[in-house]
Structures are given as structure tokens and as C-alpha cells.
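Here is a short note on the model, as numbered points. Please read it with the structure open.

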Amino acid sequence: MAETKEFEDKAKKVFSAERKEDIWVLILAAITVILGLTGVITPKTFTSLFF
Amino acid sequence: MTDTNSGIVKYIPGLILCIILGWLALQWDQSIHKWQKDFQESEKILKANIKDGKPFLPFAEYLAKSDEKHKEKLAAFERGEIKEKPKKPHTIKEKDYETIATTKEIPFNFRFGERMIQFQLTYVAVLLLGGMLIRNTIGLPKVFQPGAVLARPIIKPGIILLGGYYLWSNLLKVGVFALLLVLVFILGTTVLVAVLGRRMKQDDGLMGVMAAGAGICGVSAAVAVAPVVNAKPRDFFYAVGTILLFGTVALFTFPYIGKALGMSEPVFGAWVGTAILNTAQLVAAATWYGHDALLTANIINIVRVGFIPIVVIFCIWFYVIKKATAEGKEQKINTWQVIKDKFPLFIIGFFAMVTLNELGVFTEDHRTIFGKQFLQIFFAVGFAGVGLNIAFDDLKKAGGKAFVIGFIAATLKAVLSAIVVMMIGTDAFKVK
């Protein structure tokens, strides 16, 4: 019973971590879009990363 | 991301490892694609020169001829005879041209690139197979493990950025079919597993997690449902093991099955979007197949993960409310609270990108940067994490009758959905 309760708490914690993860993901995507729209990253940025 | 600030340091080594592996795989991908283009151009050069039987044109003349052809095509485009603006033609380097002229053969690296593309050994395959190989042979040292787990969701910004490729009309067109597929196959599998589990007198906790996981969005749905159905840790790992095992088998076989069945990219996208149970794995399989497959699979996936709260509500009703009512007790469900708690937030970012594109904020360059280039960067880091986290020991955790039920339901869904999407056809699933 204690094991199940502990697991329930862990599952809830994992889901709340997923929610936080989604927020970080949104921030990362927003930063990329802003950099793209302001011209900081251009189509050449990607090709310049490789030989 | 998933721990307190003091714990952030532990993620860094694994994250750096995934970035390095991602970069190496993208470098490989760039090289083989360039060699493939060189191969195709070399074939044309050889054909043209051997057919004429004359000595090879000097390199400068070859370039001038190619340029002339391009100008002719541009003029035809301006006259409206061609719909799409012709791209600058691909030409090979002088050194390679001279080698072909001397040996009358295509250089080895060009043939190698062509062969690798034929076998679909792009960055996706390299990262997944390579990561899995590392994890299950030399092993992943503990210092890299937290960061490798954290790298997996880095696929999600790529999914959001891909939103810049769609218009609302594209979404609605494919979305109608996506909704039908989700309703019939995904919710259908959830109900089937739940009912079969009851008939076979399996534990509610185990079958609840399995029903959610096998039906909808793999591990995320299993995590969302676990507390609701009072799943025990063993149940949870059995279900997740089954979901991951099916997803891994599907990931490595579906692209080849799709090719063997002659599926077009949009049809394949619709199929994996419906049949593969885990977002990372389905995105990987679709990317492996081609960009159009990814565009379609992404819409199905967005609709599908949007249904996680609905599956949770079904599980609450099936395993809690229905049971309580049968025992003469009264149980209520706060539907809005469930939707608020379980809704995957990143979908909002995807829809924001679609709206910005619809408003004309993005140029063609922006779409290339977001939907192709940076998408590849995010996917590469995420796929490195996915590959490094495929541990055979985790897959072995799948077991018992629940495994049989979950695997049969998932296989049935894969076979039936393949037939249905092939019958519906390419036009319905083609985004553009």
C-alpha cells in the first residue's frame, strides 16, 4: 500500500515535470522564432555549422 | 528542467554528448546527401558524353552549359510555362569532373552516398541505431544518463517549429481525416484493451495503464492515467515496457514495410501517426521516410496527444466511476480540471506557428530555417537521446497476459490502419 502511494506521488511528480518540460520547450521554440525573424539566424547559419 | 536548479549540472554531460552525436550525424547526413546529388549529376555527365562518343567537354564549358540551361528554365518560369521557380542546378567540383572524364566511372564516395540514401541510413537511422548500439554494448556511463533522458523532449521544439509550414486550410483538410483515425483507431484501441482486460480478468491498474498507453500517446498517457487507476509500479513498468518494445520494433521496421507496400510519404505519415504509440518514435519513423511523411504524421500526432485528457476521462469513468456505481457508491468527475491538468501545453506553440504563417509573418527563408534546418538540429539532439535510451533491459520488463493483450491490440491497430490509410489514399493526407 505504501509502495503504491509512493508510486502515485512519483507519477504525479513525473506529470508535473512534463508540464514544466512543455514550458521550456515553448520558450526554446519562441527564442528560435525570434532569432529567425530578427535575422540573427539565416539559412546560411545552418550550413555554416558543417564542413 | 525536471529537477531543482542545484541538480541542473547533472544533465550537462549527457546533453553535451547528445549535441555532439547529433552534430556528427547531421554532418554525415549532409555529406551523403551531397554525394547523392553528385552521383546523380555524374550519371548525367557520363550519359551525355558517352552517348555523343566525343571527348569530354572542358570543365568551364560544362559549367556554362549548365548555367545556360538554368537561364532557359528561368525564362520559361517567367513566361508561366513552369509552375515552380527552378532551383540553381547542382554541379560537381572540377577535380571530380576531371576524375570522371579520365576514368569514365563515378567516384566511390558518390556511389557510397547514393547507396546510403537507398538504405535510408540518414541521420535519423544513424542516431537511433548508433545510440541503441552504444547503450546495449559498451553501455552508457551513469554520468551521461540524466542528460540523455533530458535530450528526448528536445524533439518537441522541432514539432512546434514545423507548424510554420502549415496553413489552417492544410490542417483542417488533413485534420478531418486525422480526427477520424484518432477516434476510430486510437480511442478504439483504448476501449478494446480495457474491455479485453476485464474479460480476461486482468488487474484494473495494469490494464488501465496499458489501455491508455497502447491507444494513445505511449508513456505520456500511461503516466497521466497511472494515478487515476491506482496502478502499481510493476503494472506501470509492464505497460511501459510493452509500449516501448512495440514502438522500437515499429520504428525500425515500418519505414521498410512502407517502402515495400509502395506507400507514398503522406500515406506513410498517416500510418505511423496512427500506429506508433510514442511521439518520439513516430516522429523519428516519419522523418526517416521523408519530409512530407513528417508533415502528415505531425498533424495526426498533434490531434492524438490533444486526446490525452479524453483518454484519462474515459479511464476515470471505466475504472473508477463505473466500478463505484456498480458498488452503489457515488463518484463525480471534474472534467474541466482533468482537461486543464492533462492537456499537453506544447501544442499551443504549434498552433501559434500555424497562425503566424497564415498571417504571412514567415517568408520562404523563415520556413526553411524553422521547418527544415532548426527542426533537424532539435530532432538530431532528441533522436540521440531516444537512441541512447533504448535499453534492452527496459524492453524485457514487458510481460504476462497484459503484454499479449497490449501487443495484439497495437499490432491489430497497425495492420488495420495501414489498410485504411492506403484505401483513403495520398490526396487526402497530402498537406501541400
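1. Start with one helix pair. In this predicted model, the axes of helix 7 of chain B and helix 18 of chain B come within 7 Å and cross at roughly 165 degrees. Helix 18 of chain B spans residues 364-388. Angles over 145 degrees count as roughly antiparallel, so helix 7 of chain B is roughly antiparallel to helix 18 of chain B. The crossing of helix 7 of chain B and helix 18 of chain B is left-handed.

2. Which residues make this contact? Helix 7 of chain B contributes B:I155, B:P157, B:G158, B:L161 and B:L162. From helix 18 of chain B come B:F370, B:G371, B:F374, B:L375, B:F378, B:F379 and B:G382. By class, the contact of helix 7 with helix 18 of chain B has nine nonpolar residues, three polar and no charged.

3. Is helix 7 of chain B mostly covered or mostly open? Helix 7 of chain B, residues 155-162, is mostly covered. Eight of its eight residues are buried. The buried set of helix 7 of chain B includes B:K156, B:I159 and B:I160. Also buried are the contact residues B:I155, B:P157, B:G158, B:L161 and B:L162.

4. Now the chain around this pair. Chain B has 21 helices and zero strands. Its C-alpha atoms fill a box of roughly 90 × 50 × 45 Å along the principal axes. Of the 432 residues of chain B, 49% count as buried. Take the contacts in chain B with a separation of 6 or more: residues 24 or more positions apart account for 83% of them.

5. How is chain B divided into domains? The domain assignment gives domain 1 (5-118) and domain 2 (150-429). The centres of domain 1 and domain 2 of chain B, taken over C-alpha atoms, are separated by 36 Å. Nine residues of domain 1 of chain B are in contact with seven residues of domain 2 of chain B. On the domain 1 side, the touching residues of chain B divide into seven nonpolar, two polar and no charged.

6. Last, chain A. What secondary structure does chain A have? Chain A has two helices and zero strands. Of its 51 residues, 18% count as buried. For chain B, the buried share is 49% of 432 residues.

How values were computed: Residues numbered from 1 in each chain as written. Chains lettered and ligands numbered in written order. Predicted model: local features only at pLDDT ≥ 70, side-chain atom pairs only at ≥ 80, totals over all residues. Buried ≥ 20, exposed ≤ 12 C-beta atoms within 10 Å, placed from the backbone. Helix = DSSP H or I, 4+ residues; strand = E, 2+ residues; numbered from the N terminus. Contact = placed C-beta atoms within 7 Å. Axes fitted to C-alpha atoms, helices over the stretch in contact; angles between N-to-C directions. Parallel < 35°, antiparallel > 145°, perpendicular 65-115°, else oblique. Left-handed = near helix turned anticlockwise from the far one by under 90°. Nonpolar A, V, L, I, M, F, W, Y, C, P; charged D, E, K, R; others polar. Domains from an automatic or database assignment.
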